[in-house]
Amino acid sequence: MTYLVTGGAGFIGANFLIYMINKYPKDKFICLDKLTYAANIKNLDSIMNKNNFTFIKGSINNKKLLNKIFKENKIDTIVNFAAETSVDKSISNPSIFIKTNINGTYNLLEMAKQYNVKRFHQISTDEVYGDLKLEDNKNFNEKSPLKPSNPYAVSKAGADMLVLSYYRTYNVPISISRSSNNYGPFQHHEKLIPMTITNALKGHEIPIHGNGKNIRDWIYVEDHVRAIDLIIKKGKIGEIYNIAGNYEQSNIEIAKTILKKLNKSNSLISFVEDRPGNDLKYSLNTDKIVRKLSHKNQTNFENGLQKTINWYKKNNFFI
């Protein structure tokens with residue numbers, strides 16, 4: 001098998017590549033990444049010299065480069081991690097999110113159609129479903145309507161709909177996974193958990209939007225990439241799968257938990273103006289991937305968080 005993994009120098013993409021390259025040494029992996037601010041070539045240090053790995057710097061919006069890659073390699077599977085992901089940045093500058101997350105996905109789908117790939121897997125997000133009230137006990141399943149709240153989520157929902165249309169219209173063999181909040185090694189410091197860890201270790205203030213009561217589900221990144229592997233290998237073509245850690249916690253409690261583990265004072269927490277239209281609560285139903293693919297997470301939040309803290313300490317604020 002030959003994989004094209006776009007956005008593979010980013011947080012989840014890098015973890016996916018490291019996992020897959022070590023698990024499938026006979027398969028070939030090509031990473032295409034533009035190396036924007038949220039990506040880091042150092043994320044790939046452990047695999048850069050592997051015989052079954054090739055790194056190409058470039059954009060999924062560079063059609064000439066995409067054609068060159070596909071002409072020179074028989075790509076079996078595309079895994080599209082490439083995306084702009086910062087909600088705050090999407091609010092201040094939506095255009096780049098439309099260009100990368102929707103137009104870029106379109107370019108890859110055209111390659112999949114033209115070169116008859118065996119699977120196109122789209123990495124999506126639980127944010128496409130919109131949010132729930134804090135007191136709600138329900139959750140989102142794969143058939144829930146899409147009600148994205150911000151330009152980032154809209155761009156991901158638009159990409160999902162485009163991917164599904166290529167399956168329906170052109171029979172492109174697609175699958176989609178929608179994951180909750182990831183945490184673990186290599187994550188950019190703009191995200192809550194690495195920001196809290198690194199700021200706390202430096203004695204800096206930890207900014208929390210609004211009152212911090214917004215609830216998110218948290219999944220350790222390696223559990224996420226194991227689930228993606230399962231979907232690519234065994235998931236049904238044309239299907240969507242939710243992936244979650246089944247650990248829902250408010251942002252303020254996450255920050256306090258990290259501070260306690262680091263023996264730091266809660267006084268480091270600084271409440272800042274809430275972002276416009278901030279989603280209150282995400283909650284995913286994962287019955288489908290558990291029932292259909294027998295997926296089971298291997299890392300609980302307590303262990304995953306400690307491993308994450310240890311990683312950032314060891315790597316001296318790698319990010």
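Is asparagine 263 buried or exposed? In this predicted model, in which residues are numbered from 1 along each chain as its sequence is written, local features are reported at pLDDT of at least 70 and side-chain atom pairs at pLDDT 80 or more, whereas totals for chains, interfaces and linings use all residues. Side-chain values rest on heavy atoms, with hydrogens and water left out.

Asparagine 263 is exposed, with a relative accessible area of 72%, where exposed means over 50%, buried under 20% and partly exposed in between, for a 1.4 Å probe and protein chains only. Asparagine 263 lies in the loop between helix H8 (251-261) and strand E12 (269-272), helices (H or I, at least four residues) and strands (E, at least two) being DSSP runs numbered from the N terminus. Most residues other than glycine have a negative phi. Asparagine 263, although not a glycine, has a positive phi of about 55°, and leucine 35, likewise not a glycine, has a positive phi of about 60°. Leucine 35 is placed in the loop between strand E2 (28-33) and strand E3 (53-57) and, at 29% relative accessibility, counts as partly exposed.

An open sheet of 7 strands has the order E3-E2-E1-E4-E5-E6-E10 with parallel pairing, two strands being paired if DSSP finds at least two bridges between them. E3 and strand E10 (240-243) stand at the edges, each with a single partner strand, so one side of each is left without a neighbour in the sheet. Strand E1 (residues 2-6) and E2 pair in the parallel sense over 5 bridges, and the bridge partner of valine 5 in E2 is cysteine 31. Helix H1 (residues 11-23) lies across E1, E2, E3 and strand E4 (77-80), running at about 165° to E2; angles run from 0 to 180 degrees between N-to-C directions, and axes are lines fitted to C-alpha atoms, for helices over the stretch in contact.

Helix H2 (residues 63-72) and helix H4 (residues 95-114) pack at an angle of about 30°, with their axes 11 Å apart. That angle makes H2 roughly parallel to H4, a description applied to angles under 35 degrees, with over 145 counted as roughly antiparallel, 65 to 115 as roughly perpendicular and the rest as oblique. The contact (heavy atoms within 4.5 Å) is made by Lys63, Leu66, Asn67 and Phe70 of H2 and by Tyr106, Asn107, Leu108, Met111 and Gln114 of H4.

Isoleucine 208, in strand E8 (residues 206-209), is buried at a relative accessible area of 2%. Leaving aside neighbours within four places in sequence, isoleucine 208 is in contact with Leu192, Ala255, Ile269, Ser270, Phe271 and Val272.
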